[in-house]
Structures are given as structure tokens and as C-alpha cells.
Amino acid sequence: MTILITGGAGYIGSITAAKLIQSGYKVIILDNLEKGHQETLDQIKQVAGDFEFIKVDLRDKEKLELALGEVDFDAVIHFAAYIEVGRSVKEPKEFMENNFGGAKNLIEVIVKKGVKKFLFSSTAAVYGHPEELPIPETAKLKPINPYGESKVRVEKLLEKYADFGKLDSIRLRYFNPAGSLNGLIGEKHEPETHLIPLILKAGKGERDKLYIFGNDYETKDGTPIRDYIHIMDLVEAHIFALKHLEKISGTDVFNVGTGTGYTVKEVFETVKEVTRLDVPYEIVERREGDSKELVADPSKIEAVLGWKAQYNLRDIIQSAWEFEKTQ
Ligand SMILES: NC(=O)c1ccc[n+]([C@@H]2O[C@H](COP(=O)([O-])OP(=O)(O)OC[C@H]3O[C@@H](n4cnc5c(N)ncnc54)[C@H](O)[C@@H]3O)[C@@H](O)[C@H]2O)c1
């Protein structure tokens, strides 16, 4: 089976590509390398083996159609998107054009080609300020930032395509992935906006300190709560989802999280314990677009796909640290 992976030079896409190649799938990676790295592509090759690479921007529909006209594949995993929540508040148009516009072009081109299976990277950000915790997939979608809004729009588009019998899809709503593939491939976002690599970088002295955005939330220590998931658990969820996608028609949606939440301060303390780093920090104003608490109810993915997270927060931090030390 051949899988087209968009955004495969980025963090989650590259590790998924490596794992799929190791599991016997043929892989074609498509990326514009705006945020992804050639070095990451080289590492996939070293760790897992060969794949085809297409450098194209999803926003350029003409070039996309030409490029995809030359290859055959059975399913798509669509990771390519802009991901920084804060930037999305400042540049909503760019986010909509890339995340929604890019996905729409891709879907139109692959459906025209006759490809029927689509796995989509959605996010817990679609839930906004959830009314229910832990959050079930049936919760209302009320994003509070343009990043979350762009993902809701793609989910709705996929529902329409499924209604018309044109494209079967699974939407995976990731909570907070972190960690690495054996310390070899990991998070290299520029700019980095995710908590665990930011704490590690402040501990290494690569950044002056860690900024904690707000300690006046209604949580046990005033800092926001998130559900952290090991990248290898997340990648495994894609393999389970791909197998399910082969069997279903229509569309389905799953949270990918552990069901356990940690505050920013708890993560900070655990990083210090695991790494023994001394990490300078400062509490600053809340950041626009952040929710108080996002914790998954993972019971649907556990029951339907038989997937369950295997790693805990300490494992995640240890794995992220192994990678960060090489950077
Ligand atoms: N990392 C997280 O915490 C997280 C959480 C929830 C959901 N997600 C989703 O997972 C996906 C992957 O996230 P990531 O952390 O690997 O991001 P990343 O930035 O590391 O990777 C995204 C990749 O997509 C490519 N890309 C972006 N726009 C493109 C375009 N128009 N054409 C071609 N390539 C393009 C980039 O060059 C990059 O290599 C995203 O869709 C993101 O919204 C990520």
C-alpha cells in the first residue's frame, strides 16, 4: 500500500513516515520545506529507508495537480499546515489560506485522481473552551483562534465529501504531542511554541528563560492543563486509523490523547526532575487564544480502534530530552 504524506518533512509527519516505511508501507512525502527540513528527510532515510519526495506547495493547485499526476498512491495522510496558535491570531488570513485552502486543493486533486482514503491531522484546538471534561468527540466545536477554526473548516469539508460518497476519511484530533523517535527525529519547529521543548531549551541556555503565560487560570496551581501524548503513541494511532480507514466508508473522528492532564507547572517540575536542569522562568500575561484545560476522553479510540497510549509524562520528557541534547 502506498501512502502520500503531506508535511512529511515536519515533526509528526516525518516520524509517521519513518514508522510506516519500517512497517512495510511505500511512502511518498510531499512538502514545500517552508517549515520542514531537508535534514529531517535525510534522517528518515537513514532510520527507515527510501521514499519518494515531492517538493510542492499545496496552495499552488496547478503545480500540485501536475506533481500528483505523476505518482500513484492509495491513501493520504494530511499533516501539512501552519501550527502556531499565537501567530494565527495575528495572521488569520495566512492560516486560512494555508490550512483550509491547501487542504481543499489537495482534496479536490486527489478525488479527481480517484483516491478514496484520507487521514486528517486535526487538533484539540477545535474544542475551544470545552463545556465538558474530559472532552468527548461529540463536544461542540467552538474554536477560539483562527488555527482551530481552520481545522474545523477542513473537518466540515471532509464531512461533505463523505456525505456525497466521494472520499472516506478519519479525522484525528491530537492533544499535545511531544517526544522523539529514539532521540533521532524530534521537534524542530521554528519558532518553537510548544512547552516541553521550550523548557528544555531554557534549561540548556539556548533561550534566556521559560515564559509561563498566566498563573491565574482556575486550575489547581493557576496554570493551564493539557493532555501530553508521546509522539510514538500518536504515530501508532495513525497506523491503527489507516487500517480502520481501509474498512469504513464515510467519515469518523477520534481524539488522540491519554485522558490525563498536567498543568504547565507540573510539566515544568517534571522536566527539572528528569533532566536535573536548572530552568529560569518568568510568569507573564495570559496569551490570547489559550484555553484553561484540554484533556481528551480517549474512550472512543480505545474501544473502536483498540489503540491506547503506552507512555507517561516522564517517558515523553525523557524522549524529548534525548533529542534536544543532539541539537
Ligand atoms: N505539533 C502539535 O503539537 C500538533 C497538535 C495538534 C495538531 N497538530 C497538527 O499536526 C500536523 C503536523 O504538525 P507538526 O508539529 O508536524 O508541524 P510541522 O510544522 O513540524 O510540520 C508541518 C509540515 O508541513 C509543511 N507545510 C506547511 N504548509 C505547506 C504547504 N502549503 N505545502 C506543502 N507543505 C506545507 C511544512 O513545511 C512542514 O514540514 C499539523 O497539521 C498540525 O496542525 C500538531
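Which element gives the most to the shell around the ligand? In this predicted model, that element is α1, with three residues. The shell comprises 28 residues, and the closest to the ligand are Gly7, Gly10, Gly36, Ala80 and Ala81. Two or more residues come from each of α1 (11-22), α5 (92-113), β5 (117-123) and β7 (176-178). By class, the shell holds 11 nonpolar, 12 polar and five charged residues.

The protein chain is divided into two parts. Domain 1 covers 2-178 + 228-256, and domain 2 covers 195-226 + 259-299 + 310-324. Their centres, taken over C-alpha atoms, lie 25 Å apart. Each domain brings 22 residues to the contact. On the domain 1 side, at least two residues are supplied by each of α4 (85-90), β7, β10 (228-230) and α8 (231-247).

Packed helices are described by the angle between their axes and the distance between the axes. Helix α7 (residues 195-204) packs with helix α11 (residues 313-324) at an angle of about 50°, and the axes are 10 Å apart. The angle therefore makes α7 oblique to α11. The crossing of the two helices is right-handed. From α7, the contact draws on Ile196, Pro197, Leu200 and Lys204. From α11, Ile316, Ile317, Ala320, Trp321 and Glu324 take part. Seven residues of this contact are nonpolar, none is polar and two are charged.

Key: Residues numbered from 1 in each chain as written. Predicted model: local features only at pLDDT ≥ 70, side-chain atom pairs only at ≥ 80, totals over all residues. Near = placed C-beta within 6 Å. Helix = DSSP H or I, 4+ residues; strand = E, 2+ residues; numbered from the N terminus. Nonpolar A, V, L, I, M, F, W, Y, C, P; charged D, E, K, R; others polar. Axes fitted to C-alpha atoms, helices over the stretch in contact; angles between N-to-C directions. Parallel < 35°, antiparallel > 145°, perpendicular 65-115°, else oblique. Left-handed = near helix turned anticlockwise from the far one by under 90°. Contact = placed C-beta atoms within 7 Å. Domains from an automatic or database assignment.
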